[in-house]
Amino acid sequence: MKIGIDLLWVRPGLCGGTESYIRNLMDGLAKFDKENQYLLFVSKDNGESFAKYDRQAGMTLVTCPVASASQPRRIVWENLHLDSAARAQGVELMFIPVYSKPLSYGNTGRRIPYVSVIHDLQALHYPQYFSRGKYLFLKGMWRHTCHTSRKIVTISQYCRRDLAEHYPDAEGKSTVIYNPVETVPSGMPASEIEEKYHIKKGQYFYCVSSMLPHKNLATLLKVMAVRKEQGSAIPLLLSGVGGNKESFATMAEELGIGEMVIDTGFVTDRERDCLYENCRLFLFPSVFEGFGMPPIEAMRRGKRVVMTRESCLEEVTQGRAVYVDKPYDVEEWNHKIEEAVCLPEERFDFPEYTLEQVVGEYLKVFREAVRKEAK
């Protein structure tokens with residue numbers, strides 16, 4: 001089967017968890033699917049970041065005349081031309097890893113069955129993050145995707161319930177496939193991060209997160225301030241992209257903990273993995289996620305995780321973390337951190353999130369979508 005994958009939306013280094021998700025999934029498809037042929041629709045400015053797949057058997061890059069960095073133009077091109085480009089390439093199934101299923105679907109000629117992924121409905125829960133125009137655009141695209149996709153993948157049971165509540169068209173089409181999480185040793189000595197960030201192995205807390213308000217980092221900063229007052233000198237390192245970095249830095253300074261909070265900015269996977277491997281605890285204060293890969297990545301490495309139970313988070317971590325019941329309660333956070341520090345490290349495998357397992361589930365959905373279209 002010839003399967004097209006839309007990668008035009010990827011802005012390397014700027015898409016956070018969704019980019020990690022698709023790159024992990026692509027690695028899994030390249031490794032475990034030896035039957036299908038994949039056409040990867042990339043842009044003029046992100047194709048190089050996917051070049052390794054062009055050297056894989058069964059995978060071919062198709063460079064489209066648009067730049068991913070120009071989001072408005074990319075969205076227009078995608079909606080007007082991607083479907084016809086896929087049909088011209090003989091694609092038998094189109095896979096859209098995000099919400100951006102083309103509006104021009106099936107206007108002329110042969111209709112291609114589509115499988116789309118909806119990671120979360122953040123705009124419906126936090127409309128204040130979005131302009132009025134983008135809010136309405138997202139609502140419309142989700143409705144169109146649910147109505148016209150042959151199958152819809154959601155990344156947690158929480159997300160599936162949320163989708164069914166807001167978009168009844170998704171009922172009967174949606175399938176939960178958890179995100180693929182690839183965990184490999186960093187191969188980086190701890191001394192490299194110790195020198196770079198002036199920290200010591202096993203003597204810092206770590207967090208991977210954007211700085212959007214629902215990530216709840218403000219509470220974490222308040223916790224660090226309380227801990228400083230109590231005499232704790234363990235710093236917090238934060239890695240991530242997106243959100244208001246200036247506001248985060250200002251708050252840290254105002255709380256008098258500027259020297260205890262280190263924003264690493266974007267880091268390579270290798271450096272991020274080394275930071276996971278050598279932290280004392282992993283802290284994840286987010287109150288809204290579609291899946292939430294970082295806690296799994298930390299727990300796979302044996303690290304204790306302190307986090308909230310909100311949205312899908314207790315579901316995907318399977319009750320194995322140390323949970324804060326009141327996400328904004330600084331005192332409870334501090335208490336749970338003290339509890340977690342006393343626990344021995346324990347590694348959890350989470351076989352449900354391995355590349356082989358997840359790829360098998362996606363291939364099943366792909367086959368079902370094509371069979372249903374043929375009827």
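Helices here are DSSP runs of at least four residues and strands are runs of at least two, both numbered from the N terminus. The model on screen is predicted.

**Start with His198**

Select His198. It sits in the loop between helix H7 (190-197) and E8. Strand E8 covers 205-208. Check the backbone: phi of His198 is near 55°, a positive value in a residue other than glycine. Is His198 buried or exposed? Exposed means over 50% relative accessible area. His198 has 72% relative accessibility, so it counts as exposed.

**Step past E8 to Ser209**

Move along to the loop between strand E8 (205-208) and helix H8 (217-229), and pick Ser209. Ser209 has a relative accessible area of 6% and is buried. Now show its contacts, skipping neighbours within four places in sequence. Lys215 and Leu217 touch Ser209. So do Leu238, Ser239, Gly240 and Val241.

**Jump to Ser311**

Select Ser311 next. Look in the loop between strand E12 (305-308) and helix H12 (313-317). Ser311 is partly exposed, at a relative accessible area of 23%. Which residues does Ser311 touch, not counting those up to four places away in sequence? They are Tyr158, Val287, Phe288 and Glu289. For a sense of distance, draw a line from Ser311 to Tyr206. Their C-alpha atoms are separated by 21 Å, and the two residues are 105 apart along the chain.

Keep Tyr158 and Phe288 selected, both contacts of Ser311. Across the protein, the count comes to 18 aromatic pairs.

Two pairs are worth a stop. First, select Phe348 and Phe350. Their ring centres are 6.3 Å apart and their planes meet at 55°, so the pair is tilted. Phe348 and Phe350 are both buried.

Next, select Tyr362 and Phe366. Here the ring centres are 6.1 Å apart and the planes are at 55°, so this pair is tilted. Why are Tyr362 and Phe366 separated by about one helical turn? They are four residues apart in helix H14 (residues 355-374). Tyr362 counts as buried at 0% relative accessibility. Phe366 counts as buried at 1%.

**Back to Phe350**

Return to Phe350 and look at its backbone. The residue lies in the loop between helix H13 (330-341) and H14. Phe350 has a positive phi of about 50°, although it is not a glycine. Its relative accessible area is 0%, and Phe350 is buried. His198 also has a positive phi, but His198 counts as exposed.

**Zoom out**

Clear the selection and show the whole chain. Colour by secondary structure: the protein has 14 helices and 13 strands. Its radius of gyration is 21 Å, close to the 21 Å that the globule rule gives for 375 residues, so the protein is as compact as a globular protein of that length. Along the principal axes, the C-alpha trace spans about 70 × 40 × 35 Å.

Colour by burial. Of the 375 residues, 55% count as buried. Among contacts with a separation of 6 or more, 67% come from residues 24 or more positions apart.

Then colour by charge. There are 48 positive and 49 negative charges, and their mean positions are 6 Å apart.

Definitions and conventions:
Residues numbered from 1 in each chain as written. Predicted model: local features only at pLDDT ≥ 70, side-chain atom pairs only at ≥ 80, totals over all residues. Heavy atoms only, no water. Rg over C-alpha atoms; globule rule 2.2 N^0.38 Å. Buried < 20%, exposed > 50% of the residue type's maximum accessible area, 1.4 Å probe, protein only. Contact = heavy atoms within 4.5 Å. Lys, Arg positive; Asp, Glu negative; His and termini not counted. Charge placed at Lys NZ, Arg CZ, Asp CG, Glu CD. Phe/Tyr/Trp six-rings, centres within 6.5 Å; stacked < 30°, edge-to-face > 60°.
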